[in-house]
Amino acid sequence: MFPTTRMRRLRSSKFRPLVRENELDVKDLICPVFVDETATEPVEINSMPGCFRLPPDMAADEALCIQDLGIPALILFGIPQEKDETGTHAYGEDDVVQRAVRAIKKEVGDIIVMTDLCLCEYTSHGHCGIVSGENILNDPTLEILAKTAVSHARAGADIVAPSGMMDGMVGAIRRALDKSGFGDTPIMSYAAKYCSAFYGPFREAASSGYAFGDRASYQMDPGNSDEALREVALDIEEGADIIMVKPALPYLDIVYRVKKKFGLPTAAYHVSGEYAMIKAAAQNGWLDERKAVYESLLSIKRAGADMILTYFAKDMAKTLNPG
Ligand code: PBG
């Protein structure tokens, strides 16, 4: 007898939407924004066609545009005029991110402003912590991260997002925020962040390439997955409200395990290299950009992510809600 089950019955365009298990929604998206103190006009990032570094006084317009597309949140990355050994310009009241946050908060009513919290854009050597010789020092970096977090919150940041993979960073930031009256400011931790080749284009975008070595002494080994669960567990213990896995597509197994095990709001970062790959192939006519982006982001959601940081956020919003 022919099988009574025919999987194709529900695959017609009529039934497909009814039985669909996962949907991508514009509310799942978080849009990265680069604010560059040295720019006087938008500068397109070579390795990320369609993405720009914006002068600080354009941040609010960009936020408005993102809000109008229905995207609920953006995440700010700052490029300072001046860098030094210890990342002094990460935490000044009038430094690039603080200014951008204030401008956005003043002019845009209804968007969640997240701030990436790391030193690599602010240090002359480009590492995510302060250094001694070729060592990246963990504990002395925590103080600077804590100070920076408070300065972001004071400027009006809704969520701070530490990305430097220093041990204890979430706890140090939580304590500093609480002490300064920002007990209600959530932390989105880049909890399982891998030492990945897919960050290549970002380093041009944020001018955060490093002067020596690599980030392997603090970012995770791509071969490990149990370790990611330990990283995430520690960050939760230290007070993380949202946990992130990064990059996204090559690490969907991690997204899946993290969401399954902890059940916390989980973010995945579809990183610069993932963006660049699709863009480059599309520019060559080798794949359909819109379809490839949609499928990629939907897959990240299917793996368990509640929210996705992606440079395709604005394009995707237009695809999802045309007109
Ligand atoms: C800063 C930071 C990086 C990214 C986000 N925050 C770069 C890095 O760790 O080298 C990468 C984002 C991307 O590639 O899109 N620590």
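This is a predicted model: local features need pLDDT of at least 70, side-chain atom pairs count only at pLDDT 80 or more; totals for chains, interfaces and linings use all residues.
I started at D28, which touches E23, K301, D306, M307 and I308, leaving out residues up to four places away in sequence; contact here means heavy atoms within 4.5 Å. Residues are numbered from 1 along each chain as its sequence is written, and side-chain values use heavy atoms, with hydrogens and water left out.

**D28, continued.** I placed D28 in the segment before β1 (29-36). Helices (H or I, at least four residues) and strands (E, at least two) are DSSP runs, numbered from the N terminus. Buried or exposed? D28 is buried, with a relative accessible area of 8%. My cut-offs are under 20% for buried, over 50% for exposed and partly exposed in between, with a 1.4 Å probe and protein chains only. I also found a polar contact of 3.0 Å between the side chains of D28 and K301. Such a contact is a pair of N or O atoms within 3.5 Å; within protein, one must be able to donate a hydrogen and the other to accept it, and residues adjacent in sequence count only if both atoms are side-chain atoms.

**H125.** Next I looked up H125, in the loop between β5 (112-117) and β6 (131-132). H125 counts as buried at 4% relative accessibility. Its side chain reaches the backbone nitrogen of H127 at 3.1 Å. Beyond four places in sequence, I listed E85, V131, G209, Y210, A211 and F212 as touching H125.

**S47.** Which loop holds S47? I found S47 between β2 (43-44) and β3 (52-54), and at 25% relative accessibility S47 counts as partly exposed. Its contacts, apart from neighbours within four places, are P201, E204 and A276.

**Whole protein.** I then stepped back and noted 10 helices and 12 strands. The radius of gyration, 20 Å, is close to the 20 Å of the globule rule for 323 residues, so the protein is as compact as a globular protein of that length. That radius is taken over C-alpha atoms, and the rule is 2.2 Å times the number of residues to the power 0.38. Buried residues make up 53% of the 323.
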